[in-house]
Amino acid sequence: MAIIEVTVPDIGDFDEVAVIELLVKPGDNVKAEQSLITVESDKASMEIPSSHAGVVKALKVALGDKVKKGSLVLMLEVAGEAAAPTAAPAVAVAAPAPAAPVAAAVATPVVAAASGPVEVRVPDIGDFKDVVVIEVMVKVGDTVKVEQSLITVESDKASMEIPSNATGVIKELKIKLGDKVNIGDLMAILEGTAGDVAAPAPASAPAALAAAAPAQAVAAASSVTAPAHVPTSTPALGLPHASPSVRKFARELGVPLAEVKGTGLKGRITDADVQSFTRSVMSGAVQTLAISAQQAAKPATAGGGGSELGLIPWPKVDFAKFGPIERKEMSRIKKISGANLLRNAIMIPAVTNHDDCDITDLEAFRVSTNKENEKSGVKVTMLAFLIKACVAALKKYPEFNSSLDGDALIYKQYFHIGFAADTPNGLMVPVIKDADKKGIFQISTEMGDLAKKARDGKLSPAEMSGASFTISSLGGIGGRYFTPIINAPEVAILGVCRSTIEPVWDGKAFQPRLMLPLSLTWDHRVIDGAAAARFNVYLGQILGDFRRVLL
């Protein structure tokens, strides 16, 4: 047995392409020509095969790494005789002729063109015959630029985007989904401008590529001679069936393609599928499996390290080398709430409006009410008044009492108000049900009972579910403003801090008034800035004169 290095072969005119999929792991048995990794440029994705059969001992690349010809992919344990040099793998490409332009249309020189009709034809795509059009990316009337992709075609082992060789407006499309095309076939007629047109590509295909492995080779529609073979309709290990541009679009949005259902030809995933999936996730109708599982397992460590969101890895630090440390596991409540908060912070396009309201008279009324009812044992808090005030505001602005359901809004006819409770084990949110039907004393009594249950860890799931709006109050601690995170599937949350005496101009002189800071966070998919400002203003008016609740 011997250990050999498997490196990236000649993949044409590619430099520093990204590794987007790992198809094997240490311990796997691989065959010669079996795909090991998938790499991608802006126009093509391709699988890199093994040059030998053997057992994978060590992977030397990771997702996101940039590789090029000669980069080490993995260490392979092979039989003694197998370690001898073998013929070049299936991705072997034709030796480039220095004087000849590359085959793909986008790699050809650009020359000036006069205005008028311009025929756009399928360029030299290598040793491919009768490839199927699986995606048409433009329509009549569209303005296209040189190198803009027009269609995606696919063979049994390759998918590639075919670009335009001219700038202009599409007057006629000469192909449709399901058509089979070959080099030289007419794709479209443009009304050209006196701008750039790519010179015609040479008719000769890369001969060495065809001889090496015609079923696995691909000529990508970019500045390449002949790269490796490309993911197809039956991708290895169930890879998503999508073109390179769709893959790139999905990565930019953080969409896991494996969870997207394709509506294109043969189940291919299109841009529209990615957009539809994104809308479903943002509305809360769908939750991605990969991210939710990772968040549930590691809610406080940025999910799987950030890779599932296309972020750089979470830093791994040996804190002990800087000084003494102590490690404590988080409580179950913090783990659960952390996963929910992370999801909501990422998925909701949230905006926060800050405002102040005058509660001087309301606080005086609250204090006098408590004095009058000392013997009842019920202490009325400002939060109870806030709950009633929020109910009035929700009735006036019902979109704040709604939830997204796909492309529709669910307007709730009930008013269940959640309030954040700080407990020794973490944040909990009990819910006051039907707050619109209860008075201040009943709300205060229920709040006290629920808060005690929360501190004692005795809240039932029913007592923490069904909220249509939430209030997070830091009034007993301090601070000025903050940005509370919306509790999905709600669309808004009110943050409240400690009230302070401030000078307020009454038109003649400054008067000391008790001002309460409000921080309203809202979901911009449902609520716009003007509505949020009106909600805050109306809420302030009610708190300034609580008689408005009766109106």
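The model is predicted. Its protein chain holds 9 helices and 28 strands. Of the 551 residues in the chain, 46% are buried. Among contacts between residues at least 6 apart in sequence, 65% join residues at least 24 apart.

Helix α5 covers residues 332-347; its 16 residues should span 22 Å at 1.5 Å a residue, and because its end C-alpha atoms lie 23 Å apart, the two values agree. The buried residues of α5 are Ile333, Ser337, Gly338, Ala339 and Asn344. Helix α9, residues 529-544, also has 16 residues. The distance from its first C-alpha to its last is 22 Å, close to the expected 22 Å.

An α-helix has 3.6 residues a turn, so residues three or four places apart point the same way. With this in mind, the reader may consider which residues of α9 are buried. They are Ala531, Ala532, Phe535, Asn536, Tyr538, Leu539, Gly540, Ile542 and Leu543. The elements that cover these buried residues include the helices α6 (360-372) and α7 (382-396). Strands take part as well, among them β18 (350-358), β25 (469-473), β26 (492-496) and β28 (510-523).

Two packed helices are described by the angle between their axes and the distance between the axes. For α7 and α9, the angle is about 135 degrees and the axes are 9 Å apart. Angles over 145 degrees count as roughly antiparallel and those from 65 to 115 as roughly perpendicular, so α7 is oblique to α9. The crossing of α7 and α9 is right-handed. On the α7 side, the residues that meet α9 are Phe385, Leu386, Ala389, Cys390, Ala392, Ala393, Leu394 and Lys396. They meet Phe535, Tyr538, Leu539, Ile542 and Leu543 of α9. Sorted by class, this contact has 12 nonpolar residues, no polar residues and 1 charged residue.

Helix α7 also packs against α8, residues 440-456, at an angle of about 120 degrees and with the axes 9 Å apart. These two helices are therefore oblique to each other, and their crossing is right-handed. The contact is formed by Leu383, Ala384, Phe385, Ile387 and Lys388 of α7 together with Ile440, Ile443, Ser444 and Met447 of α8. It has 7 nonpolar, 1 polar and 1 charged residues. Phe385 takes part in the contact with α8 and in the contact with α9.

Most residues other than glycine have a negative phi, and most peptide bonds are trans. Glutamate 147, although not a glycine, has a positive phi of about 80 degrees. It lies in the loop between β12 (143-144) and β13 (149-154), and its relative accessibility of 39% makes it partly exposed. Aspartate 434, likewise not a glycine, has a positive phi of about 50 degrees. This aspartate lies in the loop between β24 (431-432) and α8 and is partly exposed, at 27% relative accessible area. The peptide bond from alanine 488 to proline 489 is cis, with omega near 10 degrees. Proline 489 belongs to the loop between β25 and β26.

Lysine 129 concludes the account. It is placed in the loop between β10 (116-121) and β11 (131-136). Is lysine 129 buried or exposed? Its relative accessible area is 61%; because exposed means over 50%, lysine 129 is exposed. Lysine 129 is 54 residues from isoleucine 183 in sequence, and their C-alpha atoms are 8.1 Å apart in space.

Definitions and conventions. Residues numbered from 1 in each chain as written. Predicted model: local features only at pLDDT ≥ 70, side-chain atom pairs only at ≥ 80, totals over all residues. Heavy atoms only, no water. Helix = DSSP H or I, 4+ residues; strand = E, 2+ residues; numbered from the N terminus. Expected span 1.5 Å × (residues − 1). Buried < 20%, exposed > 50% of the residue type's maximum accessible area, 1.4 Å probe, protein only. Contact = heavy atoms within 4.5 Å. Axes fitted to C-alpha atoms, helices over the stretch in contact; angles between N-to-C directions. Parallel < 35°, antiparallel > 145°, perpendicular 65-115°, else oblique. Left-handed = near helix turned anticlockwise from the far one by under 90°. Nonpolar A, V, L, I, M, F, W, Y, C, P; charged D, E, K, R; others polar.
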